[in-house]
Amino acid sequence: MTLKAFMAIDKDFILAEVDPRIYGSFIEHLGRAVYGGIYEPGHPTADGQGFRQDAMEAIRKLQVPIIRYPGGNFVSGYNWEDGVGPQSERKRKLDLAWWTTETNQVGTNEFADWAKKAGSEVMMAVNLGTRGVDDARNLVEYCNHPSGSYWSDLRISHGYKEPHRFKTWCLGNEMDGPWQIGAKTAVEYGRLANETAKVMKWVDPALELVVCGSSGSGMPTFAEWEATVLDLTYDQVDYLSLHTYYNNNEGDTKNFLARSLDMDRFIRSVASICDYIQAKKRSKKKIHLSMDEWNVWKTIGSSRANERWQIAPPEFEDTYNMEDALVVGCCLITMLKHADRVKMACLAQLINTIAPIMTETGGDLWLQTTYYPFLHASMHGRGTVLHPVIRSPKYDSKDFTDVPYLEAVSVYNEEQGQITVFAVNRHLEEDLQLDMNLRSFGKARVLEHLVLEHEDLKASNTKEHPGRVLPHNRGNAAAEDGLVRAVLSKASWNVIRLEVQPV
Ligand code: AHR
């Protein structure tokens, strides 16, 4: 018997506008993300500033609106002044987050240049591990103040007449984690974050600030941390961060594919905590969520560089396979389903380090399986998310009950007269017939049905075989009046693009 699922897509079921910043990413001074990733003077494709153009091109295609920088754990020991001024005079420093040597050849100004070339905004992070209010306000003054003060004039003397005008800033990183340089209790962090935020906004009132939530929902202080920190910072901050990583290291694919249900629960829990503090404070202000680290991460927890103090050693260069791409797809769908609350998200990370884009130092570049769902969502997932009204057969797995075989959401782009349905069939053996009722849209026409699938869920793209897992557009979606039917192959990622005319 055919497995069947149903989805009602109605133009009046408006959930929220997609904030394009949910297609953000992250570049940390970690492994070969910066050195050997985006920056490699001497590479055949390097431009005058040493930026690899092959990497730039692959990143531009992803249309990443915002990129978090410079960390991550790295930022908690980083003195930003080491990374500005003439490159020849920059000091080498020990990076205690990853036990490497940081050459400081790329710093704030180079990254701002690079991001501009990549078509992205920068989400800056300040160091609240070893530092505090003073350095944060100096950095804002250096980056964003036009001129006429010590730090802004220093920037101008470094060749940057125009301020960078970075708008979005993270108040430290994962400050609850014992691995963090200068880790803090919720009260210690909350007080520091509040004072830092206040003063940063005095320097530049246009800033939007992200305060650290827990470094994961599995942390022993999770929930209490969020409540305490928000209680202490509510009036000064705009977003609360969420971090989450998944993997199938236990080798249970059914359970792994259900991991986005954990992300869903995490988002709901953190949103509830925000609302609780809002109620407690009788505030009209709503705190939104920034999922500013999320991905599949298989090498998580593996030791820092085996041999200490190397310069940009390869770190966390995970190879992603077909099932990892499905989980990335399910996570993207999950965040879209919470578009009313999740306003920013950063795929962690973008290049070489737990990343969809890989480079060989001095050589070629290849795209991992996870590049494709992210590309598709970023390209076609802009507009209004419509409430997903779905009926799907379900299964139970080790950690989850009632896992729908169909994970799906639709995004309506009124301007273009298009709807995109993103859908994953989680079933490992069977195809799933999906009937979509577009009752309020009148006639629909299928523009394209993209599919990412592979017989072998462990298949991946590598330097030697970069084209093993590629999307194709031979999906079978077909429209008849207001009904669209597609048979989603087992374990597949689907992008069904429709042209519609609302009646
Ligand atoms: O993204 C890699 C690391 O994961 C980041 O530096 C840290 O914030 C998280 O633990």
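**Figure 1. Surroundings of Trp-114 in the predicted model.** Residues are numbered from 1 along each chain as its sequence is written, and side-chain values use heavy atoms, with hydrogens and water left out.

**Figure 2. The largest nonpolar core.** The core has 167 residues, and Trp-114, Trp-169 and Trp-294 are those with the most contacts inside it. A nonpolar core is a set of buried Ala, Val, Leu, Ile, Met, Phe, Trp, Tyr and Cys residues joined through side-chain atoms within 4.5 Å; buried means under 20% relative accessible area, exposed over 50% and partly exposed in between, with a 1.4 Å probe and protein chains only. Helix H9 (residues 322–337) supplies the largest share of this core, eleven residues. Helices (H or I, at least four residues) and strands (E, at least two) are DSSP runs numbered from the N terminus.

**Figure 3. Helix H10 and its packing with helix H1.** Nine of the ten residues of H10 (residues 371–380) are buried, among them Tyr-372, Pro-373, His-376 and Ala-377. The axes of H1 (residues 53–62) and H10 come within 8 Å and cross at roughly 50 degrees; axes are lines fitted to C-alpha atoms, for helices over the stretch in contact, and angles run from 0 to 180 degrees between N-to-C directions. H1 is therefore oblique to H10 (under 35 degrees counts as roughly parallel, over 145 as roughly antiparallel, 65 to 115 as roughly perpendicular and the rest as oblique). Ala-58, Lys-61 and Leu-62 of H1 meet Tyr-371, Phe-374, Leu-375, Ser-378 and Met-379 of H10.

**Figure 4. Packing of helix H3 with helix H4.** H3 (residues 133–144) and H4 (residues 150–157) pack at an angle of about 45 degrees, with axes 7 Å apart; they are therefore oblique to each other. From H3, the contact draws on Asn-138, Glu-141, Tyr-142, Cys-143 and Asn-144; from H4, on Tyr-150, Trp-151, Ser-152, Leu-154 and Arg-155.

**Figure 5. Val-451 in strand E23.** Val-451 lies in E23 (residues 444–452) and is buried, with a relative accessible area of 2%. Leaving aside neighbours within four places in sequence, Val-451 is in contact with Leu-470, Pro-471, His-472, Gly-475, Ser-489, Ser-492, Trp-493 and Asn-494.

Technical notes
This is a predicted model: local features need pLDDT of at least 70, side-chain atom pairs count only at pLDDT 80 or more; totals for chains, interfaces and linings use all residues. Contact means heavy atoms within 4.5 Å.
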